[in-house]
Amino acid sequence: MLVDSHCHLDLLEPDRYEGGLPGVLEAARAHGVGHMLCVAVNLDRYPAMRALVDPLPGVSVSVGLHPNEHSAGEPDEAQLAALARDPAVVAVGETGLDYYRSEGDLEWQRERFRTHIRAARRVNKPLIVHSRAARADTLRILAEEDAGAVGGVMHCFAEDWETARRALDLGLHISFSGIVTFRSALELQDVARRVPLDRMLVETDSPYLAPVPFRGRPNQPGYVHHVAARIGELRGIPFAQVAERTTENFHALFAVAAAGAATVPT
Ligand SMILES: [Zn+2]
């Protein structure tokens, strides 16, 4: 059994997949994906995403505003906490910092990130953290806001071992995407050998970042087995062990019952 810990089912263009979204979900099952976490990026589009995912078995949702996205209003801590209290919501995010795709004075991103961490702590749910070209500030804010109290995941991790080690020390998990299958990703492959098995997750970040051998094509949750298989190769352990451990880690971190039903953390 596998889990895709991070995908955007609402952002897939159904026409680009055989059988549309039902075909994507069927393919995921056929590849042993028992659960998917559909991650919010925009609060204006969030109600539609939640409605899309609600009837789907084995799919849970997060709520948050991505650092590169803009919604009608900037959410405050109380608004985010109210949305995140929803029993169907298993995490707050994605949130974090992205200095690569945004320009100028990015104090607003740091404030938004802090607001998400505070909301997550208020409702006691873990964080889904996006960080690009901002590793020092990401780690600093996670520490200053005591994100470790709720934990979470550094999603689509693409930094060096030192950054991974510091994130692990702060109590976060590390999630690997299709990037780990890219031939040029030597530094990241080194990280994938070193992250403790009980702190690791796998994801697709669909529809982006398809793993080898589908690189450059539309990604889908069923491809997560290519990520897990590559990690198994890198560590010299069976694929099944990576699948089993990352699945266990997911269910523990997000308090999602293995059967697929969301449970409310107490
Ligand atoms: Zn994402």
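User: Which residue stands opposite Ser 60 in strand 3?

Analyst: In this predicted model, Leu 37 stands opposite Ser 60. Strand 2 (residues 33-38) and strand 3 (residues 59-63) run parallel here, joined over 3 bridges.

User: What makes strand 2 and strand 3 a pair?

Analyst: The cut-off is at least two bridges, and strand 2 and strand 3 have 3 bridges. The two strands therefore count as paired.

User: What makes strand 1 and strand 8 edge strands?

Analyst: The open sheet has 8 strands in the order 1-2-3-4-5-6-7-8, with parallel pairing. Strand 1 (2-7) and strand 8 (200-202) each pair on one side only. From one strand to the next, the twist averages 30°.

User: Which residues of helix 8 meet helix 9?

Analyst: Ala 228, Ala 229, Ile 231 and Gly 232 do, against Phe 239, Gln 241, Val 242, Ala 243 and Thr 246 in helix 9. By class, this contact has 6 nonpolar, 3 polar and no charged residues.

User: Why is Arg 85 called partly exposed?

Analyst: Arg 85 has 15 other C-beta atoms within 10 Å. Buried needs 20 or more and exposed 12 or fewer, so Arg 85 falls in between. Arg 85 sits in the loop between helix 3 (77-84) and strand 4 (89-98).

Notes: Residues numbered from 1 in each chain as written. Predicted model: local features only at pLDDT ≥ 70, side-chain atom pairs only at ≥ 80, totals over all residues. Contact = placed C-beta atoms within 7 Å. Helix = DSSP H or I, 4+ residues; strand = E, 2+ residues; numbered from the N terminus. Nonpolar A, V, L, I, M, F, W, Y, C, P; charged D, E, K, R; others polar. Axes fitted to C-alpha atoms, helices over the stretch in contact; angles between N-to-C directions.
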